[in-house]
There are 2 protein chains.
Amino acid sequence: MTDDSIDRPSRGRATGRVTMADVAALSGVSAITVSRALRHPDKVSPETRAKVQAAIDTLGYVPDLVAGSLASNQSHIVAAVVPTIGGTIFVDTVKGMADALREQGYQLLLGDSGYSLVEEAALVDAFLGRRPNGLILTGVHHEPSVRTRLAAAKVPVVEVWDVSDRPIDMVVGFSNFRAGYEMTAHLARRGYRKIGFAAGLTFGDQRSTERRRGYRTALEEFDLGPERALEVPEAAEFGRGREALVALLARYPDIDAAFFSSDVLAVGALFECQRRGWPVPDRIAIAGFGDFGIAAETIPALTTVRIPGREIGQRAAGMLLDRFAGGGAEPGTVLDLGFEVVARASA
Amino acid sequence: MTDDSIDRPSRGRATGRVTMADVAALSGVSAITVSRALRHPDKVSPETRAKVQAAIDTLGYVPDLVAGSLASNQSHIVAAVVPTIGGTIFVDTVKGMADALREQGYQLLLGDSGYSLVEEAALVDAFLGRRPNGLILTGVHHEPSVRTRLAAAKVPVVEVWDVSDRPIDMVVGFSNFRAGYEMTAHLARRGYRKIGFAAGLTFGDQRSTERRRGYRTALEEFDLGPERALEVPEAAEFGRGREALVALLARYPDIDAAFFSSDVLAVGALFECQRRGWPVPDRIAIAGFGDFGIAAETIPALTTVRIPGREIGQRAAGMLLDRFAGGGAEPGTVLDLGFEVVARASA
DNA sequence: TAGGTGTATGGTAGCGCTAACATGTGAGGG
DNA sequence: CCCTCACATGTTAGCGCTACCATACACCTA
């Protein structure tokens with residue numbers, strides 16, 4: 001490779017890059033054969049394949065997927081919008097998606113809506129221009145324009161992290177309502193009677209609201225009186241958990257347990273108890289949501305709700321891949337992967 | 001919009017989608033004028049612009065960026081490879097990049113190498129096929145093939161999170177060596193004489209190794225004897241911090257301080273101290289790296305090194321955007337954004 | 001009046017690839 | 001010996017958009 005700077009005089013609009021035509025010329029076959037050698041190797045004789053591969057290596061050819069996408073109307077891209085890539089919360093889901101897609105040669109185009117439905121809609125618009133083969137959205141509530149646009153684009157869509165009666169197309173998730181209910185029921189069974197609840201606003205109105213509905217329903221069923229609830233802005237920071245506990249105690253001084261809509265908040269609250277020298281759960285029980293890595297390590301270890309985050313991502317990707325392969329679930333399919341109350345020492 | 005399902009019989013290879021030609025026909029101008037109305041509105045009269053916009057709204061036209069990219073040789077995509085999107089560590093950088101790029105109409109294509117250079121090289125190959133306008137890599141050490149490929153592709157590249165004498169193109173980061181040095185020096189100045197060090201392997205051989213070199217250099221300079229170091233696999237989990245402290249104590253029972261290459265490990269170690277009832281920093285001082293949100297909340301609060309993660313991302317994106325605009329920094333530019341030792345109660 | 005300058009718009013020809021439809025070849029069957 | 005049929009490869013014509021160059025016309029200057 002002594003002369004790797006041949007740089008043909010780029011006449012016209014040519015980009016000066018190595019193209020499939022160059023590979024074809026060097027290997028003495030036509031361009032389409034090169035294309036086939038790359039995309040459908042079984043349709044090309046082994047000898048030809050070898051020649052083509054040799055030329056590719058010599059020239060350092062990198063296929064132009066943009067041109068390929070245009071010609072084949074197949075971008076091999078899946079776009080996904082999550083509320084945040086910052087928190088611990090959606091990371092497993094994103095990784096699950098990305099891994100499953102990469103295995104099949106698809107790439108993930110990721111967007112962060114900052115928990116804003118308006119921003120989500122803007123991202124959907126921007127993504128659709130890239131002609132993705134599929135789309136993944138977090139949550140089941142969206143701007144009205146999103147439904148319209150997606151229907152017009154005829155793209156398979158999976159909504160994740162919740163369940164819905166009326167999916168855009170397919171849904172993979174769990175019932176946030178039942179999760180809120182079950183954790184509250186767990187606390188009730190453990191003997192706590194005055195259960196506080198602190199929800200992060202940023203968790204998206206709807207999913208958080210659903211968990212709160214579950215909490216409220218459990219209160220009624222176990223006859224635990226009116227709700228003792230609070231909303232917390234910017235719930236992704238540990239410091240907010242400390243503030244939330246303080247606020248909760250100020251408003252409902254009698255609480256004997258506090259259920260937080262995120263482990264981050266719950267751990268922050270645990271630190272506040274430690275600061276005050278309050279034994280947990282004897283003075284107050286603390287429960288979280290998410291089962292992040294830290295939950296098992298705190299002292300006392302945190303009682304929380306485990307979400308199949310990675311599996312949600314994998315299954316969402318899998319449903320799309322099945323559709324790409326020509327089959328797949330029918331529109332309207334709802335896959336409920338459930339959740340698990342993990343009882344540790346804190347509640 | 002009563003008949004939004006016209007669905008022209010898709011003769012030939014037509015995709016059945018609304019194209020620019022449809023918009024042109026409806027608004028009574030040529031396709032190129034529609035293109036200009038979208039890309040260079042100032043080159044089109046206001047009346048024409050309005051007509052075109054009306055047609056776009058009526059038809060629900062979404063421009064095909066794939067076709068646009070091919071024609072203009074401008075994908076408006078920047079690809080980035082980070083070791084992990086899972087940890088807290090690179091999230092700020094990614095957000096900084098994504099925000100800065102989005103403002104200018106560029107999209108971020110994100111890849112996760114799992115701290116593997118081989119995987120990084122594979123991602124670079126896959127990304128180059130999408131003809132990104134720029135590329136961002138984490139770290140300054142890569143597979144040899146990466147340099148070659150990138151040179152051939154003539155794409156602007158920014159390496160981040162470290163500094164280098166021999167960048168591929170541009171670098172934005174800080175000196176991991178000096179960071180390791182300064183934290184160790186801080187501990188020495190506070191009077192600790194037997195300082196242990198636990199490095200996460202997953203932090204990428206090189207960046208972690210650099211910090212360790214800094215640690216060792218400080219030990220020599222302050223005459224603190226031989227290094228008391230340990231390597232930890234899978235350093236992104238809190239539990240590993242506990243294990244690391246246990247291992248460190250087993251091997252070097254005399255240590256009076258422990259410096260961890262990540263706040264995650266340090267917090268895990270803090271929990272272990274709490275479990276043992278050891279007062280920190282009196283029995284042992286604990287220091288971390290990263291200044292994650294939790295560092296300010298633990299009891300005692302964690303002494304750590306603050307990294308300008310978000311700014312690194314923003315500046316990296318900015319350098320690329322400047323290049324796209326025709327100017328920008330010269331190849332070989334190194335931007336050192338520094339770091340800050342944040343002294344809290346734990347050390 | 002001729003020529004120059006600026007603005008708005010259009011026609012044409014690709015960008016690099018692949019779908020769809022040839023074409024050519026040799027094996028096997030009647 | 002011709003006819004199928006399978007297989008390997010080639011030819012052509014786009015995919016939907018934008019770069020490039022041309023054109024048309026208004027307005028100015030000498």
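How many bridges join strand β3 (residues 134-138) of chain B to β4(B)? Keep that in mind as we look around this predicted model.

## Two strands side by side

The count is 4 bridges, and β3(B) and β4(B) run parallel. One pairing to look for is B:Ile136, which stands opposite B:Val158 in β4(B).

Now follow strand β4 (residues 157-160) of chain B along its length. B:Val157 and B:Glu159 point one way, B:Val158 and B:Val160 point the other way, and all are buried.

## An open sheet in chain B

Chain B also has an open sheet of 4 strands, with parallel pairing and the order β7-β6-β8-β9. At the edges are β7 (228-232) and β9 (285-287) of chain B, each of which pairs on one side only. On average, neighbouring strands of this sheet are turned by 15 degrees against each other, direction ignored.

Let's zoom in on one pair. Strand β6 (residues 195-200) of chain B runs parallel to β7(B), and 5 bridges join the two. Here B:Gly200 has B:Val232 in β7(B) as its bridge partner.

Helices pack on this sheet too. Helix α11 (residues 263-276) of chain B touches β6, β7, β8 and β9 of chain B, and its direction makes about 155 degrees with that of β9(B). Helix α8 (residues 176-189) of chain B lies across β6, β8 (257-260) and β9 of chain B, and it runs at about 165 degrees to β8(B).

## Two helix pairs in chain A

Two packed helices are described by the angle between their axes and the distance between the axes. From α6(A), A:Ala121, A:Val124, A:Asp125 and A:Leu128 meet A:Ser145, A:Val146, A:Arg149, A:Leu150 and A:Ala153 of α7(A). These contact residues divide into 6 nonpolar, 1 polar and 2 charged.

What about helix α1 (residues 20-27) and helix α2 (residues 31-39) of chain A? Their axes come within 8 Å and cross at roughly 100 degrees, so α1(A) and α2(A) are roughly perpendicular to each other. A:Met20, A:Val23 and A:Ala24 in α1(A) meet A:Ala31, A:Val34, A:Ser35 and A:Leu38 in α2(A). This contact is made up of 6 nonpolar residues, 1 polar and no charged.

Note on methods: Residues are numbered from 1 along each chain as its sequence is written. Chains are lettered from A and ligands numbered from 1 in the order in which they are written. This is a predicted model: local features need pLDDT of at least 70, side-chain atom pairs count only at pLDDT 80 or more; totals for chains, interfaces and linings use all residues. Side-chain values use heavy atoms; hydrogens and water are left out. Contact means heavy atoms within 4.5 Å. Ala, Val, Leu, Ile, Met, Phe, Trp, Tyr, Cys and Pro count as nonpolar, Asp, Glu, Lys and Arg as charged, and the others, Gly among them, as polar. Buried means under 20% relative accessible area, exposed over 50%, partly exposed in between (1.4 Å probe, protein chains only). Two strands pair if DSSP finds at least two bridges between them. Axes are lines fitted to C-alpha atoms, for helices over the stretch in contact, and angles run from 0 to 180 degrees between N-to-C directions. Angles under 35 degrees count as roughly parallel, over 145 as roughly antiparallel, 65 to 115 as roughly perpendicular and the rest as oblique.
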